[in-house]
Amino acid sequence: MGGVYREVGDNQKATECLNEALEITRRIGDPSGEAATLSLLAQVERNQGKLLDAKLHVEAALASVESLRISLKDRKLRTSFFASVRQYHEVYIDVLMR
């Protein structure tokens, strides 16, 4: 829901939903879901001009996916996984450039 609210420009609702989702993903131990939520949260904060918060959240997302990528044994699977999270790097670059 947070992603939907972000798409329609309701940053307050997006932030509320994403913070709730972040809590849930952490509670259930879903690092991939946590990373996705952190990335979305960073995008909302970037759009609000909260660049330091956005940077911290996208860095946490990148650390989480890097930890997951390293745990994969097959090189092709690691490469494929890395490609699937490329958007996190794009958000990070955008935040740094702003």
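This is a predicted model: local features need pLDDT of at least 70, side-chain atom pairs count only at pLDDT 80 or more; totals for chains, interfaces and linings use all residues.
Local features were considered at pLDDT of at least 70 and side-chain atom pairs only at pLDDT 80 or more, whereas totals for chains, interfaces and linings use all residues. Residues are numbered from 1 along each chain as its sequence is written, and side-chain values use heavy atoms, with hydrogens and water left out.

Helix α2, which comprises the 18 residues 11-28, reaches 25 Å from its first C-alpha to its last, close to the 26 Å expected at 1.5 Å a residue; helices are DSSP runs (H or I, at least four residues) numbered from the N terminus, and the expected span is 1.5 Å times one less than the number of residues. The buried residues of α2 are Asn11, Ala14, Leu18, Leu22 and Thr25, where buried denotes under 20% relative accessible area, exposed over 50%, and partly exposed the range in between (1.4 Å probe, protein chains only). Because these residues cover an arc of only 70° around the axis, they lie on the same side of α2, the arc being that of the directions from the helix axis to the C-beta atoms. The face turned away from this buried side carries the exposed residues Gln12, Glu20, Arg27 and Ile28. The cover over the buried residues of α2 includes α1 (2-8) and α3 (31-47), and just after α2, Gly29 takes a positive phi of about 75°.

The largest nonpolar core has 13 residues, of which Ala35, Val65, Val85 and Tyr88 touch the most other members; such a core is a set of buried Ala, Val, Leu, Ile, Met, Phe, Trp, Tyr and Cys residues joined through side-chain atoms within 4.5 Å. Helices α2, α3 and α4 (51-71) each supply at least two residues of this core, and α3 gives the most, with four residues. Apart from this core lies another, of five residues, among them Ala42, Val58, Val91 and Val95.

Ala42, located in helix α3, is buried, with a relative accessible area of 0%. Leaving aside neighbours within four places in sequence, Ala42 is in contact (heavy atoms within 4.5 Å) with Ala54, His57, Val58 and Val91. The C-alpha atoms of Ala42 and Tyr88, which are 46 residues apart along the chain, are separated by 9.4 Å.

Ser64, found in helix α4, is also buried, with a relative accessible area of 15%. With neighbours within four places in sequence again set aside, Ser64 is in contact with Pro31 and Ala35, and a polar atom of the Ser64 side chain lies 3.2 Å from the backbone oxygen of Pro31.

Conventions: A polar contact is a pair of N or O atoms within 3.5 Å; within protein, one must be able to donate a hydrogen and the other to accept it, and residues adjacent in sequence count only if both atoms are side-chain atoms.
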